[in-house]
Amino acid sequence: MVTKISPARDYLLFGVFAIAVLTMPVWLAPIGAGYPDLLQKFAIFGLFATGFNLLFGLTGYLSFGHAAFLGVGSYTAVWSFKLLGMNPIPAAILAVVTSGVFALAIGYVSLRRSGIYFSILTLAFAQMSYNLAYSVLTPITNGETGLRVLESDPRLFDSSANADGPLISNLFGIEMTGYAGFYFCAVVLLIGFFIAQRIFRSPFGIMLRAVKTNQNRMNYTGLNPRPYTLAAFVISGMYAGLAGALMCITDPLAGAERMQWTASGEVVLMTILGGAGTLLGPILGAALIKYFENIFSAFNEQTLHEVFSFLPDFLEYPVVSVAGLFVGEGWHLTLGVLFMLIVIFLPGGIMEGVSRIGRLFKRSSSKAEPSGATAPAE
Amino acid sequence: MEILRVEGVNKSFGGLRALNNVNFSVEEGTVQAIIGPNGAGKSTFLNCMIGRLAPDTGTVMFGDISLTGMKPYEINQVGVSRVFQTPEIFSELSLIENIMIPTMAKRDGSFALHAFKRLDQDAEVRDKALHMLEDVGLVEKRDDISGSLSRGDKRRLELAMCLSQDPKLLLLDEPTAGMSRADTNNTIDLLKRIGDRGITKVVIEHDMHVVFSLAEKVTVLAQGAIIAEGKPEEIKGDPRVQEAYLGGAHL
Amino acid sequence: MDVILLQLLNGLDKGGAYALIALGLTLIFGTLGVVNFAHGALFMLGAFCAVSFNALLGLEVVTVDETQTTAWGTPLEVRTPYVEAYLGDFGAWILNYSVPVSILIAIPVMLLVGFVMERGLIKHFYKRAHADQILVTFGLAIVLQEIIKSIYGANPIPQAAPVAVRGAADIGALFGFDPGVIVYPYWRMVYLAFAGVMIAGVFAFLQFTTFGMVVRAGMADRDTVGLLGINIERRFTIVFAIAAVVAGLAGVMYTPILPPDYHMGMDFLVLSFVVVVVGGMGSLSGAVLAGFLLGILQSFASMNEVKAIFPGIDQIIIYLVAVIVLLVRPRGLMGRKGVMEN
């Protein structure tokens with residue numbers, strides 16, 4: 001319950017989260033996730049999922065087209081590099097603005113319908129953007145090749161960066177690759193998380209929950225659900241655009257495949273896996289999926305044999321061949337299975353699992369717990 | 001003074017004439033009941049007043065505002081609240097949140113983007129909501145999820161949600177349907193108590209006990225038309241009403 | 001005129017595939033109330049029934065023919081598929097007709113798949129939110145397509161139509177147009193006829209059998225049918241299995257038109273969903289109508305004359321139509337009120 005969480009607890013949560021994110025290179029190193037490329041992905045997809053959750057988790061509107069905003073953000077960022085220079089800040093700001101405008105247009109139309117009709121409308125818009133980016137919009141998107149920054153681009157405010165070498169986004173001389181790139185993304189994620197946290201606790205946030213719970217009552221309570229939902233849609237589109245910009249800030253290349261519906265499906269997955277409607281869940285879901293994707297797809301027959309070498313031979317071969325289905329190229333199979341298991345057994349996602357365990361723990365440790373409703377973990 | 005005036009309202013569904021030239025008015029500060037047998041058009045009538053259905057012809061005037069063609073949330077914003085036959089509440093939210101939402105709707109209008117304020121720091125809204133919950137006797141359950149309430153408590157909550165907006169006119173669609181006798185009496189007491197606030201009420205009701213303990217004026221609908229209107233005692237003795245309503249049996 | 005006729009024909013076979021998938025989707029949604037995102041995967045599984053059958057037939061026996069020699073002077077190795085070796089001419093016939101014959105394999109396989117899917121998974125999701133249903137079937141679709149990928153690889157596997165219907169007919173000449181303008185492959189005609197028969201079969205089944213009557217009643221008002229003491233659950237299983245068979249057979253017959261690969265199901269699913277929504281959720285005739293309509297529109301939009309006026313229209317036409325239909329007719333072309341709106 002929103003109204004039960006005190007400001008002090010929120011600041012504590014934010015503080016712990018900030019420390020955890022900023023020290024990720026340290027504490028993730030032992031499980032093989034401490035390197036910058038993967039850490040950047042954690043932050044970027046965490047931001048994307050956080051934004052998606054503001055729409056889906058709070059209002060219950062399931063958008064199947066959020067990848068479109070990711071793509072719009074990416075293209076805008078690269079254009080900002082091309083025209084204005086390699087500074088990530090204008091790129092990020094412009095990406096937020098354009099994706100916000102896009103979201104306003106698409107949301108205005110799509111939100112005239114609800115339920116699966118809304119999902120199909122958003123899917124239709126995203127697929128249109130994707131197909132157009134590949135075909136007629138090639139002058140803007142550079143089609144299949146993808147949009148990249150060229151030496152010959154004007155880059156108005158970037159005269160100092162005329163040196164040779166690959167064009168990399170840099171913040172006043174600090175190149176946005178490696179750990180510097182990760183820390184830039186991490187700071188953006190923290191800002192995004194802070195805003196999301198405020199929205200969760202705000203009157204606006206409770207109105208969004210009201211949209212999810214009972215729009216009829218909302219109408220008869222004197223509230224117009226449409227602008228609330230549209231605002232959530234636009235904000236969540238801006239988050240997606242910002243995530244898209246971060247992708248290009250760490251690697252200045254934008255391709256249309258980023259807008260495909262499978263990318264939209266991925267963010268749905270992350271949010272559900274972590275727990276829709278919770279603050280930390282989507283970020284956790286995003287990190288887990290990216291982590292496992294990384295780990296599992298790196299496995300091959302050879303490494304599997306090493307892992308299962310403790311088994312007797314007659315067992316090892318069948319085990320390896322079965323396990324082989326799930327790793328490397330077959331990583332998506334693992335993802336599919338994981339996804340089904342979560343939806344079937346833990347509809348509230350990982351955060352629900354955590355709070356269930358927490359409740360169990362509480363019950364067994366102190367029976368004197370007052371009988372109030374237990375707050376879901378946030 | 002008249003607060004609500006309905007003139008010449010007609011509504012048909014295909015070939016079925018649900019409302020036939022209905023004229024109806026409500027005096028400010030009174031409790032008026034609409035009764036009638038099943039299918040008499042009571043709910044249609046209410047829906048036409050509240051903007052859920054658009055009448056084919058006729059006008060609905062609330063003070064000097066025409067309600068016809070207005071959206072439900074606009075009608076609420078001018079001061080009309082409604083309690084539904086099956087309680088419409090925000091069942092995934094806590095009780096206190098359920099009351100805070102209408103309180104904010106009353107204060108901030110149909111849309112306000114307060115995305116950066118903390119809801120729990122809004123003392124005005126919070127106090128008002130707590131006060132309201134106390135009034136209906138649900139204050140101990142303020143942090144429970146409202147979906148877990150009993151049916152009677154859900155109704156009380158819905159009533160509290162409406163009352164928290166200090167409406168000028170409160171429409172109640174069978175507020176005691178499906179309640180036990182004890183719960184019904186509690187609700188009657190509650191409705192009488194809030195009568196002191198000077199809220200005009202229109203009650204649609206099946207239960208004669210409720211009608212006669214609450215209403216100052218009763219309107220009888222049958223087959224989409226008003227067949228009688230008057231004080232409860234007059235209605236009790238009206239042979240036309242007995243004929244239409246009970247097929248001749250005595251009340 | 002002739003160009004328009006040609007595009008009309010071209011749109012019909014794709015429309016037929018859309019219609020068949022959308023029909024199954026609608027049947028499942030209408031009766032079971034489940035949004036099945038794994039339906040495209042059933043289409044794909046059907047196509048791979050044909051692939052598997054063909055691969056099985058392709059197993060060869062190697063015999064050495066002493067009477068003949070190769071250019072190197074060694075005895076000639078003759079590779080004969082087992083079926084041909086054992087069954088002679090009949091075996092050769094089966095090989096030739098492997099695609100249509102695999103229907104016989106696909107029917108039991110798809111029935112079984114449908115049965116297992118419904119009993120094992122879908123059944124538990126009747127009472128869950130639509131979002132959950134979408135998500136779990138989406139997960140299942142990923143699993144199914146990845147399994148196929150791990151068996152058959154990622155590349156499309158072309159399947160040949162029987163020799164007799166391999167060519168194309170100059171339909172235009174029959175109707176007095178210039179020869180060579182309207183050329184239409186025989187197999188597409190076969191597919192169109194097949195789609196027509198399947199659709200007619202499903203409708204006849206629903207219209208003229210007692211079972212079909214109960215299903216239609218269930219689509220109109222599920223609660224009441226349940227109250228009448230009819231065991232609707234068992235019928236759900238059968239309906240699901242039928243829908244799986246329809247999708248599977250649509251996939252089998254489509255293989256000579258489009259070489260199947262593991263993600264063909266997803267490609268068709270997204271479009272089929274658009275078809276269902278355009279037709280109106282829960283309306284069977286709407287699904288068929290919208291299937292053909294969108295197939296034809298797509299083929300018209302890919303004409304060069306049209307593309308010259310609206311660049312890129314072929315890429316977006318289906319989605320554009322979906323958006324317009326949903327905004328103008330909120331419940332699709334033939335949808336009913338209150339279906340799937342919460």
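Residues are numbered from 1 along each chain as its sequence is written, and chains are lettered from A and ligands numbered from 1 in the order in which they are written. In this predicted model, local features need pLDDT of at least 70 and side-chain atom pairs count only at pLDDT 80 or more, while totals for chains, interfaces and linings use all residues.

**View 1. The contact between chains B and A.** Of the two pairs of chains that touch, chains A and B have the most contacts; two residues are in contact if their C-beta atoms, placed from the backbone, lie within 7 Å. Chain B contributes 35 residues and chain A contributes 29 residues. On the side of chain B that touches chain A, α2 and α3 (95-108) of chain B each supply at least two residues. Helices (H or I, at least four residues) and strands (E, at least two) are DSSP runs, numbered from the N terminus. The most comes from α3(B), with eight residues. By class, this side of chain B has 18 nonpolar, seven polar and 10 charged residues. Ala, Val, Leu, Ile, Met, Phe, Trp, Tyr, Cys and Pro count as nonpolar, Asp, Glu, Lys and Arg as charged, and the others, Gly among them, as polar.

**View 2. The contact between chains C and A.** Here 32 residues of chain C are in contact with 33 residues of chain A. Helices α6 (130-152), α12 (264-279) and α15 (313-328) of chain C each supply at least two residues of the side of chain C that touches chain A. The largest share of that side, 13 residues, is from α6(C). Its residues divide into 23 nonpolar, six polar and three charged. Chain B and chain C are joined by no contact, and their closest C-alpha atoms lie 15 Å apart.

**View 3. The two domains of chain B.** Chain B is divided into domain 1 (1-79 + 167-251) and domain 2 (94-165), with bounds that come from an automatic or database domain assignment. Taken over C-alpha atoms, the centres of the two domains of chain B are 26 Å apart. In the contact, 11 residues of domain 1 of chain B meet 10 residues of domain 2 of chain B. On the domain 1 side, α2 (72-77) and α6 (181-195) of chain B each supply at least two residues. The largest share of that side, four residues, comes from α6(B). This side of domain 1 has seven nonpolar residues, three polar and one charged.

View 4. An unreviewed UniProt entry places "transmembrane region" features in chain A, including residues 116-137 and 267-289. UniProt positions are given in the numbering used here, feature names are shortened, and annotations may be inferred rather than shown by experiment. Residues 116-137 of chain A have end C-alpha atoms 29 Å apart, and the span is 86% helix and 0% strand. For residues 267-289 of chain A, the end C-alpha atoms lie 10 Å apart, with 74% helix and 0% strand. In chain C, the feature is placed by an unreviewed UniProt entry at spans including 97-117 and 236-257. The ends of residues 97-117 of chain C are 30 Å apart by C-alpha atoms, and the span is 95% helix and 0% strand. Residues 236-257 of chain C have end C-alpha atoms 32 Å apart, with 86% helix and 0% strand.

**View 5. Packing of α9 and α11 in chain C.** Helix α9 (residues 210-220) and helix α11 (residues 232-254) of chain C pack at an angle of about 100 degrees, with their axes 11 Å apart. Axes are lines fitted to C-alpha atoms, for helices over the stretch in contact, and angles run from 0 to 180 degrees between N-to-C directions. α9(C) is therefore roughly perpendicular to α11(C), a term for angles of 65 to 115 degrees. C:Phe211, C:Val214, C:Val215 and C:Gly218 in α9(C) meet C:Ile232, C:Arg235 and C:Val239 in α11(C). This contact has five nonpolar residues, one polar and one charged.

**View 6. Two loop residues of chain B with positive phi.** Most residues other than glycine have a negative phi. B:Glu174, in the loop between β7 (169-173) and α6 of chain B, has a positive phi near 45 degrees. B:Glu174 counts as buried because it has 21 C-beta neighbours inside 10 Å. B:Gln223, in the loop between β9 (217-222) and β10 (225-230) of chain B, has a positive phi near 50 degrees. With 15 C-beta neighbours inside 10 Å, B:Gln223 counts as partly exposed. A residue is buried if 20 or more other C-beta atoms lie within 10 Å of its own, exposed if 12 or fewer, and partly exposed in between, with C-beta atoms placed from the backbone.

Conventions
Parallel < 35°, antiparallel > 145°, perpendicular 65-115°, else oblique.
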